[in-house]
Each structure stands twice: as structure tokens, then as C-alpha cells.
Amino acid sequence: VEVLAAASESELRELGLGYRAKFVRNAAVKLVAAAEREGFESGAAYLLSLRSRPRPEVISALLALDGVGPKVADCVALFSLDQVDAIPVDTHVWRIACRDYDTSLSACRSLTPAVYERVGDLFRRRFGDHAGWVQRAATPPSPPPPRSAHAPTRSHLESHFPPAASASCPHSPPPPPLPPSPSPRPHTPGAPA
């Protein structure tokens with residue numbers, strides 16, 4: 001994190017970050033400042049500390065970073081910070097919520113912060129503590145984005161920003177197993193499928 005904070009925006013652009021370079025650098029600067037303010041040895045240590053905090057506090061800390069909105073904050077919280085009840089609300093989650101849990105949501109004209117939280121609460125009430133993983137399993141996978149000719153490769157990034165030994169980040173534990181799917185019914189020849 002400190003290496004990113006110390007890099008110039010132009011250096012980050014050269015790595016292929018494009019317009020995101022400013023956001024990445026500013027976020028790194030804010031993470032280093034938060035680490036210093038809260039007494040952590042590094043920005044990475046501060047980020048890891050978010051794993052043990054309540055979800056609303058984690059989301060608030062992430063939303064304070066430039067370029068991070070509610071969905072990205074929930075994605076980072078769910079996939080990187082062990083916040084298994086974070087619900088990233090996208091089009092698919094919105095449709096599921098409207099169709100299956102609260103048809104009155106269809107009348108909402110936009111996804112305001114209150115409506116966004118309401119959708120997440122529907123999933124949390126229905127599926128409990130691991131609702132984030134349930135919503136992930138319920139939404140169709142996205143196709144991989146095309147690889148840009150300007151996108152940095154891992155070796156390119158590591159040559160410019162070698163991994164710091166002290167900033168290693170252990171992987172999150174795997175999500176809890178989903179209940180087994182019901183067995184398919186045997187098809188009887190001549191019967192409708």
C-alpha cells in the first residue's frame with residue numbers, strides 16, 4: 001500500500017491503470033493515513049484489521065476511499081475482508097429481490113442508499129450470516145472481460161512493485177458449503193419434460 005501511495009499518478013498510468021491511477025493512488029494515500037491515525041504499522045495491516053470489524057464500519061471505511069461506491073465496497077468486504085453478510089447489489093441481485101422477496105421494490109425509481117440497504121437486508125433476513133455467499137451463488141457468472149493490450153501482466157506489476165514480505169495477505173477461508181441440490185427426477189419416456 002505504501003508503494004502505491006508513494007508512486008506518482010503517471011507511474012501508475014504507465015502500468016496500464018489509465019484513469020483509475022488517480023483513484024488507486026488516492027486510496028493508497030488514505031489507507032496509509034488511516035493506518036497512522038489508528039496506530040497500525042502499515043496500510044496493509046490496517047486493511048487486514050477491517051476483517052474483524054462490524055460490516056457497517058468496514059463499509060464506511062471503504063466508502064471513504066476515492067472511487068469506491070456501495071457495490072465495490074460490498075464486493076471488497078465480501079471477497080477480501082471476511083464480511084460474509086455483505087451483499088453487492090447489482091442488476092441480477094435487484095431482479096431477484098424484486099421477483100422473489102419484495103415486489104414493491106419494483107416501484108422504486110432508483111437505487112438510493114436506503115433502497116440498496118433494503119435489498120441487502122432482504123437477503124440477510126432470508127439467508128442469515130452468510131447471505132453474501134448465497135447471493136453470489138444465486139447470480140449468473142459474468143463473462144471474463146477481454147484482456148486489454150494495455151492491461152498490466154502480473155510479472156510487469158511485480159517488476160515495478162515487488163511484493164513486500166511483511167504485507168502478505170492470507171487467503172480468506174472458503175465460503176460455507178451450499179446445501180446439496182435436489183436430485184433430478186428421472187425422465188419417463190413419452191412424458192413431458
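Setting aside neighbours within four places in sequence, Arg-53 is in contact with Glu-38, Phe-40, Tyr-46, Val-58 and Gln-83, where contact means heavy atoms within 4.5 Å. Arg-53 sits in the loop between α4 and α5; helices here are DSSP runs of H or I with at least four residues, strands are runs of E with at least two, and both are numbered from the N terminus. Is Arg-53 buried or exposed? Arg-53 is buried, at a relative accessible area of 16%. The scale behind that word uses a 1.4 Å probe and protein chains only: buried is under 20% relative accessible area, exposed is over 50%, and partly exposed is in between.

Arg-53 and Leu-81 are 28 residues apart along the chain, with their C-alpha atoms separated by 9.3 Å.

Before going on, please keep in mind that this is a predicted model, in which local features need pLDDT of at least 70, side-chain atom pairs count only at pLDDT 80 or more, and totals for chains, interfaces and linings use all residues. Residues are numbered from 1 along each chain as its sequence is written, and side-chain values use heavy atoms, with hydrogens and water left out.

**Overall make-up**

The protein has ten helices and zero strands. Of its 193 residues, 27% are buried. Among contacts with a separation of 6 or more, 56% are between residues 24 or more positions apart.

**Cores**

A nonpolar core is a set of buried Ala, Val, Leu, Ile, Met, Phe, Trp, Tyr and Cys residues joined through side-chain atoms within 4.5 Å. The largest one has 17 residues, and Tyr-46, Leu-50, Val-58, Leu-62, Leu-65, Ala-77 and Leu-81 touch the most other members. Two or more residues each come from α3 (20-38), α5 (55-63) and α6 (70-80). A second, separate core has 13 residues, including Val-89, Ile-96, Cys-98 and Phe-123.

What does Leu-62 touch, not counting residues up to four places away in sequence? Its partners are Leu-50, Val-68, Ala-73, Val-76, Ala-77 and Leu-81.

**Helix packing**

Two packed helices are described by the angle between their axes and the distance between the axes. Axes are lines fitted to C-alpha atoms, for helices over the stretch in contact, and angles run from 0 to 180 degrees between N-to-C directions.

| Helix pair | Angle | Axis distance |
|---|---|---|
| α2 (residues 9-17) and α3 | about 125° | 8 Å |
| α5 and α6 | about 125° | 9 Å |

Angles under 35 degrees count as roughly parallel, over 145 as roughly antiparallel, 65 to 115 as roughly perpendicular and the rest as oblique. So α2 and α3 are oblique to each other, and α5 and α6 are therefore oblique as well. In the α5 and α6 pair, Val-58, Ile-59, Leu-62 and Leu-63 of α5 meet Pro-70, Ala-73, Asp-74, Val-76 and Ala-77 of α6.

**Loop residues**

Between α3 and α4 (43-49), the loop holds Ser-42, which is buried at a relative accessible area of 15%. The side chain of Ser-42 reaches the backbone nitrogen of Ala-45 at 3.0 Å. Not counting residues up to four places away in sequence, Ser-42 touches Glu-2 and Ala-35.

The loop between α6 and α7 includes Asp-82, a residue that has a positive phi of about 60° although it is not a glycine. Asp-82 counts as partly exposed, at 29% relative accessibility.

Ile-87 is also placed in the loop between α6 and α7, and is buried with a relative accessible area of 1%. Beyond four places in sequence, the residues touched by Ile-87 include Asp-74, Val-93, Tyr-116 and Phe-123.

Asp-90 caps the N-terminal end of α7, with a side-chain oxygen 3.1 Å from the backbone nitrogen of His-92. Within helix α7 (residues 91-101), the buried residues are Val-93, Ile-96, Ala-97 and Cys-98.

Technical notes:
A polar contact is a pair of N or O atoms within 3.5 Å; within protein, one must be able to donate a hydrogen and the other to accept it, and residues adjacent in sequence count only if both atoms are side-chain atoms.
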